[in-house]
Each structure stands twice: as structure tokens, then as C-alpha cells.
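Trainee: I am new to this structure and would like to understand the terms used for it. Could we go through them together?

Mentor: Gladly; here it is.

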Amino acid sequence: MSDDDMSDRTGNLRWRLREETATAHEALERDLAWEQRIASLEGYRGLLGRLRGFHAMIEPEIGRALADDAFFAPRRRLALLDADLRHLGLSEAEIAALPRPEPMTLSGPAQALGALYVLEGSTLGGKVIGRRVAALHGFDAEAGAAYYGGHGDQAGALWRSFCARLDEAPEADAPAIVATADALFEAMRLWLCAPAGTAAA
Ligand code: HEM
């Protein structure tokens, strides 16, 4: 993160989110074992499959609870996961049959923003993973590594407009936004790091 980004921390909800979810981020980063998983094509496919299940569960719920399609549409990444999985040889039926976690219910825009913070933030670290996938397997954002290409050349603009949106949120919403972000980090950790083949009951 640049000094520029950190220049106005006080009262900044994004900064508070970063601080209060730092432990959850570390736990996810640690348990994900991404380097080990993407080392083989099979492991990479397995990781994308788990991510696909998670996005298939949470994206429609964020869309419903946020109720702002113009803002959310460019941030949806389920189609990117599907494209990558197709490139890796999965059929439509196999993609649709991938396991999903237990549904999460978001009560409204505040909880939706908290959940979206986690997904949007994951595009930042995801770039590191994308570069590694490209080096190992020769994929790129056009084919095979679209998900980890993040938002491509829109990444900076989308992240800045997301942070601006956080800072417009009413102060009263802050506890719900932070609590939901923390809960989503933990839900993602449990789901992505669960033994292969685990599905919601
Ligand atoms: C699914 C897994 C992950 C999720 C959900 C996630 C989520 C996040 C979030 C929410 C942020 C934004 C923090 C802020 O407010 O500045 C972030 C930033 C970051 N993450 Fe992750 N992350 C994940 C995995 C990783 C991994 C595996 C790495 C290491 C390669 C990583 C490295 C980073 C880095 C370096 C930043 C800061 C980027 C910057 O400020 O430019 N993340 N991540």
C-alpha cells in the first residue's frame, strides 16, 4: 500500500476495515496454501472450483441486498470463474454441479458492502496469484486466469470508487459493515480451505 493511500486514515471506514479484519486476512492467506495448490493444474482447478461455489452463493445475495446494479455489475466475477473452468476442461454441467457453501443472508446495503469489501480486496492480492499462475501454466486474463486477472485495467478505478462508496456510508452502518466483512473472511477461509469434496449439507 502506498503512503498516499494511508494519508487520511482517521475516521476512514476502509482503514478501519483493514485494521479490524487484518487477523482474518492473515488467517485466510496462511491457510489458503495457494502456492502449493496452484503448483499443479489439478490443484489450480480445484481452487477455482471452490471459489466458483463461493461466488455462486454470495454474488446473487450481494446483488439483492445492495440493490445497486450499476455499482455491482462490473464487480461480479462469477462469469470469469466459469470461463476459466471451461478453459480448464470442465463442462457446463460439471461447473453447475460444483459444491456451494451454506447460503448467507445479508440484511441490506450495509452488510452487502461489508461482504463486497472482502471480494473486492481479494482482487488486490489476487494479482500476485495471477502472475504466478501465468508463469507456471501460461494462462492469462484472456484464457485460464481471468478470475485472477482481477478487474484488469479497471482495477485501480474500481477499488478507488469502492473505497469512496465506503466513506459515504452512514457512521451508524459501520459496525454492520465491519462485522459482515469479518464474518465473510471467516466463511471464505472455512470454505476454501475445507477438504476437497466438502459441500453444504
Ligand atoms: C480469498 C483470499 C483473499 C481475500 C478474501 C483477501 C482480501 C483482501 C482485502 C479485503 C484486502 C484489502 C485491504 C485494504 O483495505 O487495503 C486485501 C489486500 C491485500 N491482500 Fe488479500 N485477500 C486474499 C488473499 C490474499 C493472498 C493469498 C495474498 C498474498 C498473495 C494477499 C495479499 C494482499 C495484499 C498484498 C493486499 C494489499 C494490496 C494493496 O494495498 O495494494 N491476499 N486482501
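Trainee: What makes Asp-31 and Arg-30 a salt bridge?

Mentor: A salt bridge is a side-chain nitrogen of Lys or Arg within 4 Å of a carboxyl oxygen of Asp or Glu. For Asp-31 and Arg-30 the closest N and O atoms are 2.8 Å apart, so the pair meets that definition. As background, side chains of opposite charge can pair when their charged atoms come close.

Trainee: Where do these numbers come from?

Mentor: This is a predicted model, in which local features need pLDDT of at least 70 and side-chain atom pairs count only at pLDDT 80 or more, while totals for chains, interfaces and linings use all residues. Residues are numbered from 1 along each chain as its sequence is written, and side-chain values use heavy atoms, with hydrogens and water left out.

Trainee: Which other residue forms a salt bridge with Asp-31?

Mentor: Arg-189 does, with the closest N and O atoms 2.7 Å apart. Arg-189 lies in helix α10 and Asp-31 in helix α2, so this pair ties together parts that are 158 residues apart in sequence. Salt bridges that share partners also join Arg-30, Asp-31, Glu-186 and Arg-189 into one network. Helices here are DSSP runs (H or I, at least four residues), numbered from the N terminus.

Trainee: Why is Arg-189 called buried?

Mentor: Buried means under 20% relative accessible area, exposed over 50%, and partly exposed in between (1.4 Å probe, protein chains only). Arg-189 has a relative accessible area of 18%, so Arg-189 is buried. Asp-31, with 27%, is partly exposed, and Arg-30, at 58%, counts as exposed.

Trainee: How many salt bridges are there in the whole structure?

Mentor: A search finds 10. One of the salt bridges is between Arg-16 and Glu-20, whose closest N and O atoms are 3.1 Å apart. Both residues lie in helix α1, 4 residues apart, which is about one turn of the helix. Arg-16 is partly exposed because its relative accessibility is 29%, and Glu-20 is partly exposed at 42%.

Trainee: Now the ligand. What makes His-25 a donor to the iron atom?

Mentor: Donors are N, O and S atoms within 2.8 Å of the metal (3.2 Å for Na, K and Ca); water is not among the atoms, so sites may look incomplete. The NE2 atom of His-25 is 2.1 Å from the iron, and His-25 is the single donor from the protein. His-25 is found in helix α2, residues 22-32.

Trainee: Which residues come nearest to the ligand?

Mentor: Of the 20 residues around the ligand, Arg-14, Arg-18, His-25, Tyr-117 and Gly-121 come nearest. A residue is near a molecule if one of its heavy atoms lies within 4 Å of it. The largest share of this shell, 8 residues, comes from α8.

Trainee: How do you know whether Thr-21 is buried or exposed?

Mentor: Thr-21 has 1% relative accessibility, so Thr-21 counts as buried. Thr-21 is found in the loop between α1 and α2. A polar atom of its side chain lies 2.7 Å from the backbone oxygen of Leu-17. Leaving aside neighbours within four places in sequence, Thr-21 is in contact (heavy atoms within 4.5 Å) with Tyr-117, Ala-181, Asp-182 and Phe-185.

Trainee: And why is Arg-75 called buried?

Mentor: Arg-75 is buried because its relative accessible area is 4%. Arg-75 is found in the loop between α5 and α6, and a polar atom of its side chain lies 2.7 Å from the backbone oxygen of Leu-158.

Key: Helices (H or I, at least four residues) and strands (E, at least two) are DSSP runs, numbered from the N terminus. A polar contact is a pair of N or O atoms within 3.5 Å; within protein, one must be able to donate a hydrogen and the other to accept it, and residues adjacent in sequence count only if both atoms are side-chain atoms.
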